[in-house]
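Me: Hi! I have a new structure open and would like a friendly walk through it. Can we start with the words I'll need?

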Amino acid sequence: GQMTIAAGGALELSGNDQKVLEDSTINNAGTIRWSGTGGLQSSTAVVINNQAGGLFEAQSDSSIQHFSFSVPWIFNNAGTFRKSGGTNVTSISRVDFNNTGKVEIQTGTLSFPTGFTNSGSFEVAAGAKLDLAGGKVALQSGSTITGAGFYGVTGTVDVDGTIMGGEWYVNAHPDFLWVPNADARALSAADRYIDEGSSWSM
């Protein structure tokens, strides 16, 4: 079914039981607050459109997880996705997360085990972490990752800064694939791009 949260409206997802979304489309122009230890999960097609001006707020440590290989869970964020609670990990797994708005990580870790696409901004507060845990991470034109927290990927670069390492496609299985723009290069702290409070744009 379809649900619409109008501007000024709110949807509260609370408690410790799992929340199962089945063949659902949620259009949010207001606020969705997700609290408690109960995760969000589905094995059917799901679309969440967090529209411009909308807020999706994760107030605890839990996971958004999709169990189907045949149909997608699509999360389009044109508003603000905020992790504001919990000091451990909020995980978004096997979800096509497309960010054209803003992602704010104020506390704990926001983890993407299966990657994301970004042409908006990620803001990582001091002590917080953006975990690029795997999958395809596509930073498109206009992408920024800023803040005094941790954000990065472990891998190998050549002397010119070209990204060489990580795990690439092996027998069509993408253990990890980092996809920067064609002219992007990895910059060291000496280039003043990954100092605390600085901006990393690709």
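This is a predicted model: local features need pLDDT of at least 70, side-chain atom pairs count only at pLDDT 80 or more; totals for chains, interfaces and linings use all residues.

Me: Which strand is His66 in?
Reply: His66 belongs to strand S9, which covers residues 63–66.

Me: And which residues is His66 in contact with, leaving aside neighbours within four places in sequence?
Reply: There are several stretches to look at. His66 is in contact with Ser42, Ser43 and Thr44, with Val71, Pro72 and Trp73, and with Ser93, Arg94 and Val95.

Me: How far apart are His66 and Ser42 in space?
Reply: Their C-alpha atoms are 5.1 Å apart, while in sequence the two residues are separated by 24 positions.

Me: What does the side chain of His66 reach at 2.9 Å?
Reply: The backbone oxygen of Thr44. Thr44 is also among the contacts of His66.

Me: Let's zoom out. How many helices and strands does the protein chain have?
Reply: The count is 0 helices and 25 strands.

Me: How do some of those strands pair up?
Reply: Take S8 (residues 55–58) and S11 (residues 80–83), which pair in the parallel sense over 4 bridges. Across that pairing, Glu57 stands opposite Arg82 in S11. S11 also pairs in the parallel sense with S14 (residues 102–105), over 4 bridges.

Me: Which residue in S14 is the bridge partner of Thr80?
Reply: Lys102 is the bridge partner of Thr80.

Me: What about the chain as a whole, how much of it is buried?
Reply: Of its 202 residues, 43% count as buried. The protein chain exposes about 9700 Å², with carbon and sulfur atoms supplying 50% of that area.

Me: What share of the contacts with a separation of 6 or more joins residues 24 or more positions apart?
Reply: In the protein chain, that share is 41%.

Me: What lies around Ser24?
Reply: Leaving aside neighbours within four places in sequence, Ser24 is in contact with Gly1, Ala45, Val46 and Val47. A polar atom of the Ser24 side chain also lies 2.9 Å from the backbone oxygen of Glu22.

Terms used
Residues are numbered from 1 along each chain as its sequence is written. Side-chain values use heavy atoms; hydrogens and water are left out. Two strands pair if DSSP finds at least two bridges between them. Helices (H or I, at least four residues) and strands (E, at least two) are DSSP runs, numbered from the N terminus. Buried means under 20% relative accessible area, exposed over 50%, partly exposed in between (1.4 Å probe, protein chains only). Contact means heavy atoms within 4.5 Å. Accessible areas come from the Shrake-Rupley method with a 1.4 Å probe; for residues, only the protein chains shown count as cover. A polar contact is a pair of N or O atoms within 3.5 Å; within protein, one must be able to donate a hydrogen and the other to accept it, and residues adjacent in sequence count only if both atoms are side-chain atoms.
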